[in-house]
Amino acid sequence: MRKIFALYRNELEKTFHRATTWLLLGLMVVSTFGVGALLRLGIKITESYTFGGLHINSQGEEVDADTYYSQLLEEETASLRSSLETEKARLHPDGTLKETFDGESGMGAADVYSSIASMEASLFLMEFAQKHGLDYYNYRFYVDAFLEEDYDFRGEILVIMRTFADTYYLLETNRQYRSLELHEAAQYALAKQALEQCDKIALSGDYQAWLDLQVSAVSLLAGDEGSKQAMLAQYELLRKANPDGKTNPALIYPVIADITTLERSLADDVEYDDAGGGNATPLTDKRRAELENKLAIANYRLDHRYFSVDSALRRLLGVSIPSYDLMKQTGQSLLVILVLILAGSTIAQEIATGSIKALIIAPVRRRKILVAKALSIFTVAVAGSVVLFGVLMAGEAAFFRSELHQPFVYAAEGVAHALPFGFYRAAELAVDLLPILNWLSFALMLSTLLRNTAAAVGISLGGYFLSNTLGQVLQMLPQSWALRFIPMLHYDLGASVFSSGESQSAMLAELLSGGGDSSGTISAGFSACYLAVLVFCFGLTAYDSFCKKDLK
């Protein structure tokens, strides 16, 4: 054992004395941190271009966003007011269509009523927004979510007011020329009262009154009773998760939507695409257990206010990869490249220079030499992962504060649990050491077989980059048992164990399960076992080549 340790220490010293080791470790640090900085810069630029910075108004002048949208609202209000007067001129005082316009556009009196009502509703909302200084175009909604700016719920008033205003002005227009039915009169009174209440809410900022108003608006919406009940359930969850109205709903809605959809799926014993009851698939026992775990996760996130800013970010920018994951992929790719270069050259280079003879003539068995070399390179991989963890934590704290300190939530048997942010991120990197060990053993095998540094390193690097591309292509194919034995489908082991996003599953609890989930995906347990077998096979081949063949 002492001989192996002495050999290991000697190999470790040689490894860390190589300029390549420090160069790639430094490049990993700079690139990982740089990716985070560039992504944050891209967000700021997009936010500035879309919601800030300078805009060209109708007079060709450069103005800031607030001025631009304020001027745009004034211009559209004046234009709509003029169009409304033109539309009203189509009717006689008794509501009949004037002969001048009759048949000109194929519109009847009822069509004109509807057009006038729609214009009056829009005009009312525009003037309401100007009166209370509200964001009529809703251009600040999502950007405030991930910029962590104070949220003013009054910005949403116009969204709900549209329902009330459309109902009120349509019935108001018809009321001028005919008597309303009993149910229409009730809707008219409700809409009129709601619009008056909106004005009071905009002045007072009473958030609870605002939630009550949204609940009353559901009765005016079109749709089946199931959809309306789902909406009512969502509003009650919103009241629970955001009692003071200070949290941007863009962060809360994804979790609430998951809860209502999952609850309805479990209640009806079918899996719906959405809470409104879209495409439905009968539930199997296994899929029911998975949905129960997902529901436990969603409820846990809601109860503890663990909301992800990434959902708002994707809606705004179309970014499909979370910031942390993109930084991690960059750092790990450079770490794997370092490992492949070290492992691919460790035997072949010493054979080429003849320095290997000093080791093999020593009273030490060859297998101990091979083990010491492999351990030294794996130590570099572990050290690199520790450095990468520190860089990722620093980058996340510096550029994406919203995601920091949110734990990993998983569930088993319908009960949710949470791992601290730092612990599960460190564990994720530790799990990813198994795929790195797989690449190490592969490159070491090539180094002993080919005994040519350029060939071993070149083939290893080529295989690594090709596997990334092929892995993405193969994941798009229908899953089958044969695809389970293709190596590149198992390299993203950390992401399989710690699946991220709003719909985190119980993959952590099912790490040692034999098969995938009901969707046909490969389980983390199978991937781990498969990669361990590959490491053993590559290592055994390297051992056979190094220990049983002459070294010239």
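Phe 16 is partly exposed, with a relative accessible area of 25%, where partly exposed falls between buried (under 20%) and exposed (over 50%), using a 1.4 Å probe and protein chains only. Bear in mind that this is a predicted model: local features need pLDDT of at least 70, side-chain atom pairs count only at pLDDT 80 or more, and totals for chains, interfaces and linings use all residues. Residues are numbered from 1 along each chain as its sequence is written, and side-chain values use heavy atoms, leaving out hydrogens and water.

Now for the rings. Those of Phe, Tyr and Trp (its six-membered ring) pair if their centres lie within 6.5 Å; planes under 30 degrees apart are stacked, over 60 edge-to-face, and the rest tilted. That rule gives 17 aromatic pairs. One of them joins Phe 16 to Trp 22, tilted, at 5.7 Å centre to centre with 50° between the planes. Trp 22 itself is exposed, at 52% relative accessible area. Tyr 300 and Tyr 306 make another tilted pair, 6.2 Å centre to centre and 35° between the planes. Elsewhere, ring pairs tie Phe 124, Phe 128, Tyr 168, Tyr 169 and Tyr 188 into a cluster.

Arg 264 has its charged end over the ring of Tyr 272, 5.0 Å from the centre (the cut-off is NZ of Lys or CZ of Arg within 6 Å of the ring centre and within 35 degrees of the ring normal).

Last stop: Val 30, which is found in helix α2, residues 19-51 (helices are DSSP runs of H or I, at least four residues, numbered from the N terminus). Val 30 is exposed, with a relative accessible area of 58%.

Definitions and conventions
Helix = DSSP H or I, 4+ residues; strand = E, 2+ residues; numbered from the N terminus.
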